[in-house]
Amino acid sequence: MSNNEIVFVTGNANKLKEVQSILAQDANSNNKTIHLINEALDLEELQDIDLNAIALAKGKQAVLALGKGKPVFVEDTALRFDEFNGLPGAYIKWFLKSMGLDKIVKMLEPFENKNAEAVTTICFAGSKGEYHIFQGITKGKIVSSRGPTTFGWDSIFEPLESHGLTYAEMSKDAKNAISHRGKAFAQFKEYLYQNEF
Ligand SMILES: O=c1[nH]c(=O)c2ncn([C@@H]3O[C@H](COP(=O)(O)OP(=O)(O)OP(=O)(O)O)[C@@H](O)[C@H]3O)c2[nH]1
Ligand SMILES: [Mg+2]
């Protein structure tokens with residue numbers, strides 16, 4: 001591949017939009033432009049508590065699907081409740097699908113501790129076959145749904161850094177500036193700017 005092309009394997013259109021916007025922001029000193037190509041494949045996902053292991057397995061699936069030698073990345077996003085020692089974690093996708101937002105909020109009703117953290121773990125596979133992991137974490141709490149319910153659990157997660165707004169109540173740029181995904185991709189972007197891939 002030429003021209004700093006890099007493939008993002010995700011079937012999640014909301015993730016893609018956020019990542020496109022984060023990677024498009026701010027110029028870098030060596031004027032490198034990253035060209036993002038999306039492959040909307042539904043990869044097999046490892047079931048695990050270890051978020052790095054999940055991302056690495058997903059990255060390996062992506063390399064298998066696309067063939068070796070292409071720079072490719074995936075990300076896996078988890079929502080970890082402190083009271084539940086990190087669960088639902090990566091399983092949040094299936095909790096959302098099966099129970100919906102309101103019941104997820106109700107799960108924490110008996111407990112005082114509503115603290116949670118949103119975690120994005122990126123696995124990047126470079127053209128030479130090496131894997132790199134980048135991770136971003138944003139702490140906050142679970143609240144009753146406020147704001148549009150267009151993206152996953154955005155309306156029930158109130159980050160500490162947002163001064164009382166849920167992710168869903170924030171502008172996209174404001175969310176990206178403090179989000180789990182924004183933090184993970186800031187590190188990844190720096191890596192891509194500084195290295196051949
Ligand atoms: O409110 C949200 N704000 C976010 O910032 C966010 N990022 C992901 N999610 C949801 O959390 C689960 C992750 O699962 P996930 O990482 O496996 O994603 P996915 O399966 O949808 O896509 P992908 O695996 O093809 O990339 C899925 O239900 C996503 O919709 C989010 N919800
Ligand atoms: Mg997935």
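The model is predicted, so local features need pLDDT of at least 70 and side-chain atom pairs count only at pLDDT 80 or more, while totals for chains, interfaces and linings use all residues. Residues are numbered from 1 along each chain as its sequence is written, and chains are lettered from A and ligands numbered from 1 in the order in which they are written.

I placed E45 in the loop between β2 (35–39) and α2 (51–66); helices (H or I, at least four residues) and strands (E, at least two) are DSSP runs, numbered from the N terminus. Leaving out residues up to four places away in sequence, E45 touches I54 and K58, where contact means C-beta atoms, placed from the backbone, within 7 Å.

**D76.** I found D76 in strand β3. D76 is buried, with 24 other C-beta atoms within 10 Å. With the sequence neighbours up to four places away again left out, D76 touches L51, I54, A55, K58, A90 and T121.

**Record.** I checked UniProt, where an unreviewed entry puts the feature "binding site" at E45 and D76; such annotations may be inferred rather than shown by experiment. They span 32 residues in sequence, yet no two of their C-alpha atoms are more than 9.2 Å apart, so they gather at one spot.

**Ligand 1.** I listed 16 residues around ligand 1, of which T10, N12, K93, G152 and D154 come nearest; near means a C-beta atom, placed from the backbone, within 6 Å. The elements giving two or more residues to this shell are β3 (72–81) and α3 (92–99). α3 gives the most, with three residues.

I followed β6 (131–142) and β5 (115–125), which run antiparallel and are joined by eleven bridges; strands count as paired at two or more DSSP bridges. N115 has K141 in β6 as its bridge partner. The hairpin of β5 and β6 has five residues between the strands, and G129 there takes a positive phi near 95 degrees. β6 also runs antiparallel to β7 (residues 157–159), with three bridges. I142 has F157 in β7 as its bridge partner.

**α6.** I noted H180, R181, G182, K183, A184, F185, F188 and L192 as buried in α6. Their cover includes α1 (13–24), β3, β5, β6 and α5 (172–178).

How values were computed. Buried ≥ 20, exposed ≤ 12 C-beta atoms within 10 Å, placed from the backbone. Contact = placed C-beta atoms within 7 Å.
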